[in-house]
Amino acid sequence: MPRQFKELIALAKQFKGLYILYAPTIDCVFSASLLLRFFKEYDVDIFLSPFYEVSKPAGEGIIIGVGVMQRSPLSSTRFFSIDDFLEKDVTVLQSTSAHLLKNIKNYWIVPKTIEVLTIAAMLSITRSTLYDENLVEIHKQVLSEALSKDVWEYVQSLRLFGYPRRDVAQALAKTLEPYIVGVSLDDKASLEIVNRILMAKDKNIVKGVADEIERVVSGYGRMAVPILGNKIVVKNVDEIEDPYEAVYSFSFYMDYKGLESPLYIALEPKLLNYAKSKMYSTLKQFKSFIDNLIKGLAIKRFIVKGVRIGVVDVSTEPTLPPLYTLYRILKGVGLAEDVTVFTNGKEYFMPIQLVEARWPIEKELNVDKNYVVFSNLQNVGDLIK
């Protein structure tokens, strides 16, 4: 039977605490962060943990799963999915955080920065490009109910990070989806493209940039989307310029800090600006590697236990790249498999976000910061079969 969000509040007050198990995806981590901030106002103790760290919590209380499926009921354990309280259609892929924000707005005046972060969390659930128009269409109703009308609009624009709030050259250099070989992370190359287009007679800058970048991306992207198309544009919020860029900043923050630090994003949204700055400075160190990886299609593919797995060799790099962010870059140009692992020649690393969140877990996972570590590909297949 469907429940209402007020019933969750009543349960939290009754037990004076909630144990929240969350899937390690952007949408679920941000949802857990929203719950943490919201229940601070109700004198309720919130305990948070990723699904793979807890076998069974001790003591009284209830467990709320955020993006977590219960593998089998446990006696004396009261487990609920957060979806049970959000009037959310679970038969369709939908953002938990968007539905959660809609309900929270009935009790709390939500800062606009949180609203924009919710947009980013919603965009992050796509299984293909962030510019998936079907995803936005599915969420239009809940977004119209959860977000202030003056915070966002869905318009046709260049699909570059920060555009039109940034100038075209800056937006080109900052864009990571689609990643533009030879242009992304390179301010000089971006400016040269824009100047060349401006010098051409009868050349519209928007169309000129779209045509040139599409030629580059279509050369290596199996699922290249048009550079000129519909996108969500943020308005009247200074802290976050672009929700698509915010997805990558969030991804990088998970890579850089693990899963605990991002849980405080809703309490301190400025953390994402720190993550964004660190992300660009870090990725520039790996620019040549990313460019060569995409140009050379240097992704090996194997069938393990009936599952297609992509394998990327990162052993040439002196330090481990931010793997979940790299996965998103490859996914954004259609080159990554749904299951992609990275190897340093000795071990295999899979971003924890690619693991199906079922609880209690059957096998203990060897997790290092944000990655599951395997000794061989067979073990990868055993986990995901």
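Modeller: Helices (H or I, at least four residues) and strands (E, at least two) are DSSP runs, numbered from the N terminus. By that rule the protein has 13 helices and 14 strands. This is a predicted model, in which local features need pLDDT of at least 70 and side-chain atom pairs count only at pLDDT 80 or more, while totals for chains, interfaces and linings use all residues. Residues are numbered from 1 along each chain as its sequence is written, and side-chain values use heavy atoms, with hydrogens and water left out.

Biologist: How do you know that the radius of gyration agrees with a compact globule?

Modeller: The radius is taken over C-alpha atoms, and the globule rule is 2.2 Å times the number of residues to the power 0.38. For 385 residues the rule gives a value near 21 Å; the protein has 21 Å, and therefore the two agree.

Biologist: What makes a residue count as buried, and what percentage of the protein does so?

Modeller: Buried means under 20% relative accessible area, with a 1.4 Å probe and protein chains only. Of the 385 residues, 56% count as buried.

Biologist: Why are strand 8 and strand 13 called edge strands?

Modeller: Two strands pair if DSSP finds at least two bridges between them. The open sheet has 6 strands in the order 8-9-10-11-14-13, with mixed pairing. Strand 8 (300–304) and strand 13 (367–368) each pair on one side only, and are the edge strands.

Biologist: What makes strand 8 and strand 9 a pair?

Modeller: Strand 8 is joined to strand 9 (residues 307–313) by 5 bridges, and the two run antiparallel. Val 304 stands opposite Val 307 in strand 9.

Definitions and conventions. Buried means under 20% relative accessible area, exposed over 50%, partly exposed in between (1.4 Å probe, protein chains only).
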